[in-house]
Amino acid sequence: MHRSGAFSRRALLVGGAASAGAALVGPGLAEEATTSAPLAPAPDRWDSLNRLTDGALLRPTDARFANEALPNNLRYRHIRPEGIAPCASPQMVADVLRWCRDYDVPFALRGGGHSYGGYSSSRGLVIDLSPMNGIDYDAATGQVRVEAGALNHEVYAALREAGRMITHGRCPSVGVAGFLLGGGIGFNMRRLGVGCDLLTGAQIVTADGRVRDVSAEKEPELFWALRGGGGGIFGVSTAFTLRTVPADERLTVFRIVWRDRTLDIAKALFTAAEMAPLSFGSRIALGGVTPALVQKGRQVPVTLLGQFAGSPDELIRLLAPVYAVAAPDFADIKQLPYWEGQDFLVEAGEPGWYRERSAFLAAAPTAAFLEASFQRLQQWPGTGAQSSLFFFQTGGRINEKAPDETAFVHRQTRWLAVVGANWSEDDNLRPEVTRRAFEWQDDLFATLGGHGGRGAFVNFPDPALGDWRRRYYGTNLDRLMQVKLAVDPNNVFHFQQSL
Ligand SMILES: Cc1cc2nc3c(=O)[nH]c(=O)nc-3n(C[C@H](O)[C@H](O)[C@H](O)COP(=O)(O)OP(=O)(O)OC[C@H]3O[C@@H](n4cnc5c(N)ncnc54)[C@H](O)[C@@H]3O)c2cc1C
């Protein structure tokens, strides 16, 4: 019932993106990552694909299929493939790509399935990299080789055992390829750079079926593009090699919530965070707002979440000007070994319905922007879930590289702001609810743009962005287009926002 409703509201394939399937019909389910319906290949061709994948191919009649086909953003769950091809080696990837070409079957690449924009969903074939999840840490070099189908939690486990760390996110089920190819943000980024800054090499299968090992020495342009260009654009990544550093023996992790004088708290928090050392990694959240909070006229809560390679006492000293404004309503501050600290910070990342809009800030948000944001948050029209405005603290070592040193261009920033809207399954049956929520979100996003919000984070793909090329890639766009033309001249790898 829900799915057929979603279908009936799809329409109007947009211009040249038709094969990639950008559908725009307003704020509802319109910003879809759909692929046009493929011509279903004859059964014997599916048999040949099954042989190519050593019998691992999943078809809709398989018991596991429905679950495996689900993306993390359930907004796109109605985009169902004809088959899911688990690939266990680069050669298998090349064979499956050739099969797609021979039978003209559209495809999408999938690691962890967490694309905000549903870009790992397809009505043709989903090429599933999850069988390639080997991780090898080399104590002699301090480098780790990670196969591209690995998920965050598999990388965490290997690094935990080795006593090492990298820049990584908080969600265990995010895929490492999607994370690294778009840059990769996490609480270590101010002291280590974004995730892709730690890459020393990568392996990729390109449209011509070649398995290429790339690095600063070998195919430097492609290696440059893979560090921030985004997932699914240049080929199928099959492995990455990263520098690691020793994990902290002790790390202070914290979740602190204020519900009183929260506008002043937010102002003081940004000032304190800006002055903190690089080992302080933080996310400041305004929200989440719920209909009950709005109706009762309660203050929008402010939450500080993060980690610091100092003691809890040092953290409290650092936050003293904030505590002087108002005491927190809740504070959980712990000193733990690094990976236990990450257990504390973990974000479950359960599948749900969401839409996120991001922009970078070159300075801490202004008082005027914070005031406007609190006002808008108080006007949240309400869904069956809550909404928030997040600020991830960037800067530090990220900004030590020039914007053109890698494809990740956002080098002169201090914060990444994200306006999030979530809703529930029932809200999908009440289009006016999601419409109002999206209008509210677009309005707050426009306010962010009016207060210095620039660019957008390709790891948080936003199908509603009109000028996404410039916003994701800025001054690196032309060079990225040249790399794309060189390695994928026939645009084999395409979706709504794939260059
Ligand atoms: C709950 C949640 C938490 C998150 N936390 C963070 C965070 O802390 N930091 C951060 O930077 N991002 C974060 N993200 C964003 C996340 O990093 C990106 O969405 C990332 O692209 C997801 O990768 P995936 O493999 O899970 O998703 P997928 O949907 O499988 O893939 C994402 C994109 O990469 C492509 N792709 C997948 N595998 C390959 C491959 N092997 N080769 C080439 N292309 C490939 C896909 O086609 C798709 O376009 C989060 C997302 C969610 C939903």
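In this tour, Ala, Val, Leu, Ile, Met, Phe, Trp, Tyr, Cys and Pro count as nonpolar, Asp, Glu, Lys and Arg as charged, and the others, Gly among them, as polar. Before you start clicking, note that this is a predicted model: local features need pLDDT of at least 70, side-chain atom pairs count only at pLDDT 80 or more, and totals for chains, interfaces and linings use all residues. Residue numbers start from 1 along each chain as its sequence is written.

**Stop 1**

Helices (H or I, at least four residues) and strands (E, at least two) are DSSP runs here, numbered from the N terminus.

**Stop 2: the domains**

Now colour the protein chain by domain: domain 1 is 2-128, domain 2 is 135-247 and domain 3 is 251-467. Those bounds come from an automatic or database domain assignment. Look at where domain 1 meets domain 3: 15 residues of domain 1 are in contact with 18 of domain 3. In contact means that the two C-beta atoms, placed from the backbone, lie within 7 Å. The domain 1 side of this meeting has six nonpolar, seven polar and two charged residues.

**Stop 3: strand S15**

Select 302-308, which is strand S15; seven of its seven residues are buried. The cut-offs, again with C-beta atoms placed from the backbone: buried means 20 or more other C-beta atoms within 10 Å of a residue's own, exposed means 12 or fewer, and partly exposed is in between.

Next, show its partners (strands pair if DSSP finds at least two bridges between them). Strand S13 (residues 251-258) is antiparallel to S15 over seven bridges, and Ile256 has Leu304 as its bridge partner. Strand S14 (residues 281-289) also runs antiparallel to S15, joined by six bridges; there, Gly281 stands opposite Gln307.

While S14 is on screen, zoom in on Gly288, which lies in this strand. The peptide bond between Gly287 and Gly288 is cis, with omega about -5°.

**Stop 4: helix H9**

Select 262-275 for helix H9: its 14 residues reach 20 Å from first C-alpha to last, close to the expected 20 Å. That expectation is 1.5 Å times one less than the number of residues. Thr262, Ile265, Ala266, Ala268, Leu269, Phe270 and Ala273 are its buried residues. They pack against S13, S14, S15, helix H12 (320-325), helix H14 (367-378) and strand S18 (387-393).

Draw a distance from its C-alpha to that of Val322, 51 residues apart along the chain, and you get 9.0 Å.

**Stop 5: two positive phi angles**

Go to Asp54, in the loop between helix H2 (43-52) and helix H3 (65-69). Asp54 isn't a glycine, yet its phi is positive, about 55°. It counts as partly exposed because it has 13 C-beta neighbours inside 10 Å.

Finish at Asn491, in the segment after helix H17 (477-487). Here phi is near 55°, again positive in a residue other than glycine. Asn491 is partly exposed, with 15 other C-beta atoms within 10 Å.
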